[in-house]
Each structure stands twice: as structure tokens, then as C-alpha cells.
Amino acid sequence: MHIGVLTGGGDCPGLNAVIRAIVRRAEATYSDTVIGFHDGWRGVVENSWRPLDMGSCRGILSRGGTILGTSRYTPFNLDNGVARALNTIQELKLDALVVIGGEGTLSCACEMHTRGVGIVCVPKTIDNDISCTERTFGFDTAVNIATDAIDRLRTTAESHDRAIFVEVMGRNVGHIATWAGIAGGVAYILTPETPFDIQELSDALLRRKSSGRHDSIVVVAEGAQPQPGTLELTEPSVDVYGHKRLGGIANVVAAEVEKRTGIETRVTILGHVQRGGTPTSFDRVLSTRFGVAAMDAVQAGCFGSMVALQANKIELVTLREATAQLKPVDKDLLDVSRVFFA
Ligand code: F6P
């Protein structure tokens, strides 16, 4: 078989490990050939790609980012984009396309599949918000980076008797905030799932201070929202793909808490640090398992599917189901996190 691979959306540690596993399985097990499209769906529309073989994938297992480049480009926002993408696939005589991406990239893959393209997907995003899989790769790395940051911020918060607000990624869901918050033993966590009450947060931090604690860390997911009418936020700008540029809500929350409590605050926005650098061993293994399973699915002709982690096994789910809605943080885990709030 002749197979195309693309990586779309925001980059994420583990992308190269998936590419390596796909190429290895394709070449060594099935004697298939693989090409990699540049910059996500843009490479398919513009017929821009490079051949991939085991030699070109040597040494990339532990490398962050993606050797293919990535973008949030979608053929559906472009005149003739879909026709051009279909034309490339036909011209290159591709038997299948393996699409590695998050919500936007996979939704696009789902639509392309309905237009006759043989597609198998791999769920990627540090946000961990793809349905039908317990994990996306990249999430574990991001949680470890955020937890390490919280541990470091705690000692400085304690020395100065300050409340430090750590903003993490998570535009629609608070998986990183919840996991890193629990792991870091923080005083409060704000997630997009639960609109927050700024007075309740302020009271909690005052209570903590009067009980003799001098180190309040609050984790704020970038997509956290105040209860309606309680705090003024400015509308974020959008990038060239119409994607909201989040980031900065922790500044607003910290300033308001300082005003209401008199507690001195500081803010650390972790931003893209969470997406950079080497993947954890968990993410390397998960990415490798996903890549091998994706190639097996291609061989079996299981198109319109996504590889998924369920009860520690790699399963196949339908792309339609996986892209129907985002996966919020489990209510039980949110309840556990609240046990430790100030
Ligand atoms: O890929 C998901 C994500 O990491 C979000 O959590 C974040 O809001 C967004 O990407 C940032 O995107 P960009 O790299 O375009 O700034």
C-alpha cells in the first residue's frame, strides 16, 4: 500500500514518535511505502510532501514538535480546497491517509472520509479533550511540566507569603488544570467545566491564610469562565484560522483577588512551554502503540476510524463518534480535586 501521513493543529510532544511507529510498522511489517504531508492539511491541498522511511525517522522518538510541520489549515475554508485535496490523493495514488490531530484536524478528516478517502486517525492534543479515548498523547508531558512548575512556585510563594496563579492550557476543558492541580496539591483550581465565583475563591484564600498557610497556589485553565455577571473579561482576538487566542485570564483573576483580599498575588502563564520539549516515557509508549495500531487498522481496511486508549488497550472507535463532542473532566475527578480546596 501507499500511505500518506499528516500532523495537524497545535503541535504536541509525541508526534514524531507516532510518525516513527507508523513508518516502522508500514515498512518492516507490511512492505508499504509512506509519504508525509507538510504542515497538516495544507500539504494535501498544495501537494507538498516528502517521502518517509526508517532512515529518515531515525532519532526522532524523543524529539518534541513534528518533523512534518503542522498548521490549523483546513481545506473546507478554501475555495476548491476539498477538490484540490482529493485531487492530490488521487494523483499520488494513495491507498490511505493517517491523520494525527486534535478536534479540528479530526473533524476535517471525518468529512474527507465521507468523500471517499480511506482515513485512520490518531488522537493528539495536550488538552486531552478527544472523546472515546482515555488519553491523547502529549497530555502526560504537559501535566508533568505543569506539576513541576507548581512545585517550584510553591517555595517562592511560601517565602513571600503570596498567592501565585498558574495559568495552564485547556481551552474548553480542564484536564491539565485538574491533574496538575491535584498532583501539585494546590489551594484552588479553575476549569472551563465549572464557572467560578470570584468571591468564593477570595474567601477560600483568606481562610487558608488565617489558618497559617503562606503558600497559596491557584491553577487557572486558560478557558476558565466566571459565573455570569461576576467579572468583566475582554473578548480574545482570533488567529488567521479564526481560532481564539486565549491566555491571560489568570492576570484578571489575580488582580481581582488581590483587590478583594489584600493578599499579594503573582501570575505565571505556562503557555507553550507545556507543548515543547521531549515527551515523557508514557507519551512515547502511547504514541508508539497508537502509530502501530493505526497502520494495522489501515492494513485491515478499517477506515473512518480512530485509535483509542480504553482500559489500557488500544481499540478502534468510529471517527464520527470520536468527533461528536469534546470530553470534559470526569465529575468524580473534579469532586476529588475539591476535597483539597482551601
Ligand atoms: O493544541 C491545543 C492548544 O494547546 C490549546 O490548549 C491552546 O489554547 C492552543 O492549542 C494554543 O494554540 P496556538 O499554538 O495556536 O497558540
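**View A. The residues around the ligand.** Around the ligand sit Gly10, Arg72, Ile126, Asp127, Met169, Gly170, Arg171, Glu222, His272 and Arg275, where being around it takes a heavy atom within 4 Å. This is a predicted model, so local features need pLDDT of at least 70 and side-chain atom pairs count only at pLDDT 80 or more, while totals for chains, interfaces and linings use all residues. Residues are numbered from 1 along each chain as its sequence is written, and side-chain values use heavy atoms, with hydrogens and water left out. By class, the shell splits into 2 nonpolar, 3 polar and 5 charged residues. Here Ala, Val, Leu, Ile, Met, Phe, Trp, Tyr, Cys and Pro count as nonpolar, Asp, Glu, Lys and Arg as charged, and the others, Gly among them, as polar.

**View C. Glutamine 274 in its loop****.** Have a look at the loop between strand S9 (265-269) and helix H9 (281-299), and you'll find Gln274 there. Helices (H or I, at least four residues) and strands (E, at least two) are DSSP runs, numbered from the N terminus. Gln274 counts as buried at 0% relative accessibility; buried means under 20% relative accessible area, exposed over 50%, and partly exposed in between (1.4 Å probe, protein chains only). The Gln274 side chain reaches the backbone nitrogen of Met169 at 3.1 Å. A polar atom of that side chain also lies 2.8 Å from the backbone oxygen of Gly271. Setting aside neighbours within four places in sequence, Gln274 is in contact (heavy atoms within 4.5 Å) with Ile126, Ala142, Ile145, Glu167, Val168, Met169 and Ile176.

**View D. The largest nonpolar core****.** In soluble globular proteins, nonpolar side chains tend to be buried together. A nonpolar core is a set of buried Ala, Val, Leu, Ile, Met, Phe, Trp, Tyr and Cys residues joined through side-chain atoms within 4.5 Å. The largest one here has 73 residues, and Ile100, Phe165, Leu201 and Val253 have the most contacts inside it. Helix H5 (residues 139-160) supplies the largest share of this core, 8 residues. Leu201 is in contact with Phe165, Tyr188, Leu190, Val218, Val253 and Val257, leaving aside its neighbours within four places in sequence. Apart from this core lies another, of 28 residues, including Phe37, Val45, Met112 and Ile119.

**View E. Serine 202 in helix H7****.** Helix H7 covers residues 198-210 and holds Ser202. With a relative accessible area of 1%, Ser202 is buried. Not counting residues up to four places away in sequence, Ser202 touches Val257, Arg260 and Thr261.

**View F. Serine 337 and valine 336 in helix H11****.** Helix H11 runs over residues 331-339 and includes Ser337. Ser337 is buried, at 5% relative accessibility, whereas Val336 is partly exposed, at 40%. A polar atom of the Ser337 side chain lies 2.6 Å from the backbone oxygen of Leu334. Ser337 also touches Thr178, Ile182 and Ile189, not counting residues up to four places away in sequence. Val336 and Ile182 are 154 residues apart in sequence, with 8.3 Å from C-alpha to C-alpha.

**View G. Positive phi at aspartate 39 and asparagine 80****.** Asp39 has phi near 55°, a positive value in a residue other than glycine. Asp39 sits in the loop between strand S2 (33-37) and helix H2 (41-45), and is partly exposed at 28% relative accessible area. For Asn80, phi is near 65°, again positive in a residue other than glycine. Asn80 belongs to the loop between strand S3 (49-52) and helix H3 (81-91), and is exposed, with a relative accessible area of 58%.

Definitions and conventions:
A polar contact is a pair of N or O atoms within 3.5 Å; within protein, one must be able to donate a hydrogen and the other to accept it, and residues adjacent in sequence count only if both atoms are side-chain atoms.
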